[in-house]
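Please read it alongside the sequence and the coordinates.

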Amino acid sequence: MMIDLLNYIVWQPDLEAFHLGPITVRWYGLMWIIGLVLAFLVVQRLYKEQKIKDELFDPLYIYCFLGILIGARLGHCIFYQPDYFLTSGKGFVEMFLPIRFLPDGDWKVIGYAGLASHGGTLGLMIALWLYVRKTKLSIWTVLDNIAIATGTTACFIRLGNLMNSEIIGKITDVPWAFIFERVDAVPRHPGQLYEAIAYALLFCIMWVLHKKMPEKIGTGWYFGFCLAYIFTFRFFIEYTKEVQEAFEASLPLDMGQILSIPFVILGVYCMIRAKKKTE
């Protein structure tokens with residue numbers, strides 16, 4: 001098949017953003033940091049608007065960071081590669097430490113190569129539950145505030161995936177297709193970019209809504225809307241993506257779609273519950 005490269009976007013950015021002495025900062029890690037910092041600033045402002053004490057906000061970032069990272073890592077290992085990570089001692093160690101054991105018996109640091117958004121969401125929810133137990137804040141208030149800021153982090157994580165040329169889309173001939181040169185030489189849907197745009201739009205919607213309907217913060221409505229929006233979009237965007245693991249090819253729905261359904265149901269339930277509570 002002859003491909004006219006001028007019709008598509010040829011994509012092969014450097015994985016490394018910059019160096020700090022001997023430390024290499026990769027685009028993927030940088031996007032994670034930017035997303036988390038932006039969410040931190042948004043929630044900090046929301047806490048000030050709601051006159052929540054600063055000392056109750058201070059530990060929130062640590063809870064969220066650890067919850068998302070641990071949940072995303074375990075989610076990838078358990079849902080997508082259980083045959084590798086759960087069947088050997090070395091695989092089990094690699095699940096928790098950012099290393100890879102080499103065939104010659106040595107090992108090297110590679111970072112956490114594999115993070116799943118569904119696991120990150122579940123890990124975040126558990127972390128926030130622990131946070132409210134410590135601070136005695138309303139769980140619904142905390143969840144709604146985090147939900148309003150979620151679009152920022154989700155957007156930059158997907159931009160990090162784009163910089164890594166991972167979670168690629170199916171082959172297509174649309175004029176905005178990307179040729180991910182690290183993967184192959186055919187035009188594909190930029191699924192990561194689709195999601196990043198959707199999540200940026202989510203943040204804009206949530207920010208406007210919270211200004212117009214501040215009384216809904218604390219009911220769980222924003223949390224429910226966030227879950228329903230993200231995972232409904234995620235369900236349908238999966239149709240443009242290549243399967244991440246071979247076993248998914250034999251399933252009627254891929255793993256991303258299967259894991260999205262419970263979150264959509266939970267989101268709709270929270271919105272209905274919030275409506276009834278308000279009435």
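**Aromatic pairs and enclosed space**

1. Tyr-84 has a relative accessible area of 32% and is therefore classed as partly exposed. The model under review is a predicted one. By contrast, Phe-85 is classed as buried, because its relative accessibility is 1%, and the cut-off for that class is under 20%.

2. The rings of Tyr-84 and Phe-85 make an edge-to-face pair, because their planes stand at 85° and angles over 60 degrees fall in that class. The centres of these two rings are 4.9 Å apart. Across the structure, 18 aromatic pairs are found.

3. A stacked pair is formed by Tyr-61 and Phe-65, because the ring planes are at 15° and the class requires planes under 30 degrees apart. The centres of the Tyr-61 and Phe-65 rings are separated by 6.5 Å. Both residues belong to helix α3, which spans residues 60-80. Their spacing of 4 residues amounts to about one turn of that helix.

4. Tyr-61 and Phe-65 belong to one aromatic cluster, together with Phe-40, Tyr-47 and Phe-57.

5. How many cavities of 30 Å³ or more does the whole structure contain? The search returns 1, and the largest cavity holds about 30 Å³ of space. The greatest contribution, 3 residues, comes from α1. By residue class, the lining of the largest cavity comprises 3 nonpolar, 1 polar and 2 charged residues.

6. The second largest pocket has a volume of about 190 Å³ and is lined by 13 residues. Those nearest its centre are Ile-70, Gly-71, Leu-74, Gly-119 and Gly-123. Helices α3 and α6 (117-135) are the elements that give two or more residues to this lining. The largest share, 8 residues, is from α3, the helix that also carries the pair Tyr-61 and Phe-65.

7. Which residue classes make up the lining of the second largest pocket? There are 8 nonpolar and 5 polar residues, with no charged ones. The lining of the largest cavity, in contrast, includes 2 charged residues.

Terms used:
Residues numbered from 1 in each chain as written. Predicted model: local features only at pLDDT ≥ 70, side-chain atom pairs only at ≥ 80, totals over all residues. Heavy atoms only, no water. 1 Å grid on protein atoms, 1.4 Å probe; cavity = no way out; pocket = protein on both sides within 12 Å on 5 of 7 lines; lining within 4 Å. Points joined across faces, edges and corners; volume = space filled by probe spheres on them. Nonpolar A, V, L, I, M, F, W, Y, C, P; charged D, E, K, R; others polar. Phe/Tyr/Trp six-rings, centres within 6.5 Å; stacked < 30°, edge-to-face > 60°. Buried < 20%, exposed > 50% of the residue type's maximum accessible area, 1.4 Å probe, protein only.
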